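Today I looked up the pockets in this model. Here are my notes, in the order I made them.

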Amino acid sequence: MSKNHIAQRIPIALDFDGCIGMGEPVKIKYARLMHKIDIGPKTCMKETYPLGSVMYKQLMDKVMAEHTDEYILDPQCKDVLETLTKQGFQLNVVSYRENPGVKTCKEFIKKHALPISFVYGTSDRSKAEVCQKIYARAILDDTLSKLTDLVELPMFLFYLQRDWNTHEKMTKELQKQIIPLTSWQQLKEKLKEMKEMHEAICFYKNIINSDMHLNEIADIIKKDPFLAQRALQEYRRECLS
C-alpha cells in the first residue's frame with residue numbers, strides 16, 4: 001500500500017514566552033527592582049502593565065536579554081515535546097523576540113535539552129511570514145492577538161489559556177477558528193488528532209500529504225468539517241485499529 005497519505009514531516013510552531021518558558025515570576029521580580037512596582041500574574045502583560053506599554057517593553061527587553069535563564073520550564077512541556085518528536089512532528093519556536101532575546105531563548109532550550117529544531121524571532125511582528133515559510137500545520141501561543149493574525153493561514157490555531165491572559169476574550173467567530181487549551185497534554189492529544197485527520201483526508205482523497213498540498217487539505221477541513229470528521233473516524237477504524 002502506498003504511504004503517500006503519511007507526511008514525511010509535520011512542522012509545528014510554538015511560542016516561547018508563556019508557553020515553553022514561564023517568565024511571569026521573573027517579570028514580577030524585575031518590575032519591583034526596575035520600576036519599583038508590585039505586579040501579579042494578571043498585570044504582567046503588555047496590555048495590563050500598570051505603567052503602560054513603553055515601560056513594559058523596557059522591562060521585557062531587560063528580562064529577555066539578561067534573565068531568561070531564570071524562567072521556569074512548564075512541567076509538562078519536555079515530555080510532550082519528546083513524544084511529539086517521536087510521532088514525526090518537527091518543532092519550531094516562533095517567538096516575537098529579537099536579538100539578544102533569541103540568543104537567550106536558544107540557551108534556555110539547550111539548557112533543558114528540548115527537542116526544538118529551529119528558533120525564529122519576529123521582532124514583535126506578525127508570525128505569519130515565518131509560519132508560511134516553514135509550512136507550519138499548527139501553532140501554540142498564549143497571546144490571542146498573535147493568533148488572530150493567522151486565521152487566514154492553513155493551520156490549526158491553539159490558544160494556551162493561562163492565569164495572565166484571562167483578560168483576552170474570544171468572540172463567537174474566533175471560537176470557530178481558534179482552539180483553547182489549558183495544558184500541554186491537551187496540545188499533544190489535539191496534534192495527534194490533527195495528524196490523523198490530515199492522513200485520513202489524504203488517504204480517501206488520494207492527496208499526497210506534503211507541504212505543497214497543505215492548502216488543499218486545510219480547505220477540506222474548513223469547508224466540510226463533517227466530511228473531515230467522518231474521514232477521520234473511518235481512517236481510525238480501517239487503518240489504525
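I sorted lining residues by class: Ala, Val, Leu, Ile, Met, Phe, Trp, Tyr, Cys and Pro count as nonpolar, Asp, Glu, Lys and Arg as charged, and the others, Gly among them, as polar.

I noted that this is a predicted model, where local features need pLDDT of at least 70, side-chain atom pairs count only at pLDDT 80 or more, and totals for chains, interfaces and linings use all residues. Residues are numbered from 1 along each chain as its sequence is written, and side-chain values use heavy atoms, without hydrogens and water.

For a pocket I took an open set of points on a 1 Å grid over the protein atoms alone, where a 1.4 Å probe fits, with protein on both sides within 12 Å along at least five of seven lines; lining residues have an atom within 4 Å of a point. Volume is the space filled by probe spheres set on the points, joined across faces, edges and corners.

**Second largest pocket.** I found about 500 Å³ of space here. Its lining has 27 residues, with K46, Y56, Y96, D124 and K146 nearest the centre. By class I read six nonpolar, six polar and 15 charged. The helix α2 contributes the most, six residues (helices are DSSP runs of H or I, at least four residues, and strands of E, at least two, numbered from the N terminus).

**Largest pocket.** I noted a volume of about 690 Å³. Of its 29 lining residues, M155, K176, Q177, I221 and K222 lie nearest the centre. This lining splits into 16 nonpolar, five polar and eight charged residues. Here α9 gives the largest share, six residues.
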